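User: I'd like to learn how to read the features of a protein model. Could you walk me through this one?

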Amino acid sequence: MRHGYTDEEAKPQMGFFTDTSLCIGCKACEVACKEWNHVPDTINELTGMSYDNTVDLDANTWRHVQFIEQPTRVEDDEGFRWLMSSDVCKHCEEAACLDVCPTGALFRTEFDTVVVQSDICNGCGYCVPACPFGVIDKREDDGRAWKCTLCYDRLKGGHEPACAKACPTDSIQFGEVDELRERAEQRLAKLEAQNWNGPRLYGHDTNDGVGGFGAFFLLLDEPEVYGLPPDPVVPTKHLPRLWKTTALAAAVMAAGIVAAFVGGPE
């Protein structure tokens with residue numbers, strides 16, 4: 001049994017491998033996501049962040065293409081390289097947003113992805129600070145939380161998510177997570193053999209602080225360069241131990257109060 005699903009109900013874990021070395025910054029993934037999921041348009045003025053006009057992931061941006069202009073120097077020539085990356089919800093194996101949701105609006109699907117049921121969300125916002133990546137957000141007009149669903153409706157119909165379908169370079173690759181991890185290792189080895197500058201995998205390790213990502217990345221520099229935490233940890237990781245300690249302290253206090261009344265003067 002996996003996350004409450006029987007072996008018959010559970011499907012293979014599905015997710016994304018985003019290879020940033022293949023991203024050309026076309027934003028087809030952003031557009032496809034908005035069109036399929038009816039995500040409201042986001043219009044920003046010039047941000048000063050190169051060609052990035054969506055700035056960050058939020059309730060109205062479920063895929064965010066970054067443009068990072070990084071200075072470079074080759075012999076006597078100075079220039080820059082673009083580090084482009086399409087960021088998305090990580091669909092953590094240990095998801096804090098799901099842990100703190102009091103209404104069950106957030107749930108884990110049979111594909112091991114994390115989805116918000118907007119008709120159940122009460123807008124409490126507990127999930128927003130719980131996410132170590134700042135992915136989930138509340139929409140201003142209705143106060144409910146929204147984020148990438150990994151196109152759950154498309155998965156149930158046997159189709160790949162809209163962003164992966166639209167990606168012209170296969171930078172966003174969709175499939176079974178175990179197979180994607182193998183593919184990512186092979187891609188990393190190839191780039192290292194070709195002496196690429198700084199390739200590394202991010203979120204593929206199931207022993208990390210969130211139990212591994214359902215959507216992980218091949219980056220060309222440190223995670224911090226992309227605005228990603230280097231060692232993300234789910235904030236609710238130690239909740240069971242804390243509740244146990246709290247319950248023990250409460251029991252000791254109750255025992256002390258009872259003893260004081262029983263042992264007191266007649």
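User: In which sense do S9 and S10 pair, and over how many bridges?

Analyst: First, a word on the model: it is predicted, so local features need pLDDT of at least 70 and side-chain atom pairs count only at pLDDT 80 or more, while totals for chains, interfaces and linings use all residues. Residues are numbered from 1 along each chain as its sequence is written, and side-chain values use heavy atoms, with hydrogens and water left out. Helices (H or I, at least four residues) and strands (E, at least two) are DSSP runs, numbered from the N terminus. Two strands pair if DSSP finds at least two bridges between them. Here, S9 and S10 are antiparallel, joined by three bridges. Arg 200, for instance, has Leu 219 in S10 as its bridge partner.

User: What is the strand order of the open sheet?

Analyst: The order is S8-S1-S10-S9, four strands with mixed pairing. S8 and S9 are the edge strands, each pairing on one side only. From one strand to the next, the twist averages 20°; axes are lines fitted to C-alpha atoms, for helices over the stretch in contact, and angles run from 0 to 180 degrees between N-to-C directions.

User: How many bridges join S1 to S10, and how many join S1 to S8?

Analyst: S1 and S10 run parallel and are joined by four bridges, with Thr 18 opposite Phe 217 in S10. S1 and S8 run antiparallel, with five bridges; there, Met 14 stands opposite Glu 176 in S8.

User: Which residues of S10 are buried on each side?

Analyst: Burial is read from relative accessible area: buried is under 20%, exposed is over 50%, and partly exposed is in between (1.4 Å probe, protein chains only). In S10, Ala 215, Phe 217 and Leu 219 are buried on one side, and Phe 216 and Leu 218 on the other. Five of the five residues are buried, so S10 is largely enclosed by the rest of the structure.

User: What span should helix H6 have, and what separates its end C-alpha atoms?

Analyst: The expected span of a helix is 1.5 Å times one less than its number of residues. For the 17 residues of H6 (residues 177–193) that gives 24 Å, and the end C-alpha atoms are 24 Å apart, which agrees.

User: Which residues of H6 are buried, and which are exposed?

Analyst: The buried ones are Val 177, Leu 180, Arg 181, Ala 184, Arg 187, Leu 188 and Leu 191. Seen down the helix axis, the buried residues of H6 fall within an arc of 125°, so they line one face; the arc is that of the directions from the helix axis to the C-beta atoms. Asp 178, Glu 182, Gln 186 and Ala 193 are exposed on the other side of H6. The cover over the buried residues includes strands S1, S8, S9 and S10, where contact means heavy atoms within 4.5 Å.

User: What does Arg 181 touch?

Analyst: Arg 181 is in H6 and is buried, at 16% relative accessible area. Leaving out residues up to four places away in sequence, Arg 181 touches His 204, Thr 206, Phe 213 and Phe 216.

User: Which phi value does Leu 150 have?

Analyst: As a general idea, most residues other than glycine have a negative phi. Leu 150 has a positive phi, near 55°, and Cys 151 has one near 45°. Leu 150 is buried at 0% relative accessibility, and Cys 151 is buried at 5%. Just after H6, Asn 195 also takes a positive phi, of about 60°.
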